[in-house]
Every structure is written in C-alpha cells, then in structure tokens.
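Please look over the structure below before reading the briefing. The notes that follow are grouped by topic.

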Amino acid sequence: VKLFVKHGNGYTFTDSGWATIGKSGTIDLTLDLTSINAADIREYGIQFVDASNSSGQASVYVDNVYLTN
C-alpha cells in the first residue's frame, strides 16, 4: 500500500513508497508534502496491490485521511 499525489500541470506523481500491511492489519502511512505546493495537487489517493501469492478476497477499511501542510 502507498499514498500518492499527482501535482502540477504535468500531473507529476509523488508517493510515500510501498509499505506492507502486516498480520495486525493496521498501518500508518505518511507522505512528505513540504516540497509540493498544495494548490497544485490535482489528485491524491491510496494504492493497494495484492501480494503475488495471495488468493481469495480482502476488505480494506480506511479510518482517516488528513492532508495538511
């Protein structure tokens, strides 16, 4: 899982880097936005990718997302 923003006229992609959700199922993610003008953010999101050896279904619950400067 990772956080990302797309910013500027060219929708430059900046992300937090991949993190693995462990067996506890809980993770805190952060993305440093100090070098990005918040007014230029065009899109933000959370990207999930399943493990290569995964099977079945999964549920994802997101409690809070904060965008601060």
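**Salt bridges, pocket and surface**

Glutamate 43 and lysine 6 join their side chains in a salt bridge, with 3.8 Å from N to O. Glutamate 43 belongs to strand 3 and lysine 6 to strand 1, so this pair ties together parts that are 37 residues apart in sequence. The model is predicted: local features need pLDDT of at least 70, side-chain atom pairs count only at pLDDT 80 or more, and totals for chains, interfaces and linings use all residues. Residues are numbered from 1 along each chain as its sequence is written, and side-chain values use heavy atoms, with hydrogens and water left out.

**Salt bridges**

- The structure holds 2 salt bridges, a salt bridge being a side-chain nitrogen of Lys or Arg within 4 Å of a carboxyl oxygen of Asp or Glu.
- Glutamate 43 is partly exposed at 31% relative accessible area, and lysine 6 is partly exposed at 24%. Here buried means under 20% relative accessible area, exposed over 50%, and partly exposed in between, with a 1.4 Å probe and protein chains only.
- Lysine 2 also forms a salt bridge, with aspartate 15, and the closest N and O atoms are 3.4 Å apart. This pair links distant parts of the chain, as lysine 2 is in strand 1 and aspartate 15 in strand 2 (residues 12-15), 13 residues apart.
- Lysine 2 counts as buried, at 9% relative accessibility, whereas aspartate 15 counts as partly exposed, at 29%.
- Strands (E, at least two residues) are DSSP runs, numbered from the N terminus.

**Largest pocket**

- The largest pocket has a volume of about 1300 Å³. Of the 39 residues that line this pocket, Val1, Ile21, Ile27, Leu29 and Phe48 are the closest to its centre.
- Strand 1 (2-7) and strand 3 (41-47) are the elements that give two or more residues to the lining.
- The lining has 23 nonpolar, 13 polar and 3 charged residues. Ala, Val, Leu, Ile, Met, Phe, Trp, Tyr, Cys and Pro count as nonpolar, Asp, Glu, Lys and Arg as charged, and the others, Gly among them, as polar.
- A pocket is an open set of points on a 1 Å grid over the protein atoms alone, where a 1.4 Å probe fits, with protein on both sides within 12 Å along at least five of seven lines; lining residues have an atom within 4 Å of a point. Grid points are joined across faces, edges and corners, and the volume is the space filled by probe spheres set on the points.

**Nonpolar surface patch**

- Ile21, Ile27, Tyr44, Phe48, Val60, Val62, Val65 and Leu67 form a nonpolar patch on the surface, with about 740 Å² of accessible area together.
- Such a patch is made of residues with over 30% relative accessible area and no salt bridge, with nonpolar side chains (Val, Leu, Ile, Met, Phe, Trp, Tyr) joined within 5 Å. Accessible areas come from the Shrake-Rupley method with a 1.4 Å probe, and for residues only the protein chains shown count as cover.
- Phenylalanine 48 sits in the segment after strand 3 and is partly exposed at 40% relative accessibility.

**Other residues**

- Glutamine 47 is in strand 3.
- Tyrosine 11, in the loop between strand 1 and strand 2, has a phi near 50°, a positive value in a residue other than glycine.

Definitions and conventions:
Helices (H or I, at least four residues) and strands (E, at least two) are DSSP runs, numbered from the N terminus. Patches are made of residues with over 30% relative accessible area and no salt bridge: like charges are joined within 9 Å, nonpolar side chains (Val, Leu, Ile, Met, Phe, Trp, Tyr) within 5 Å.
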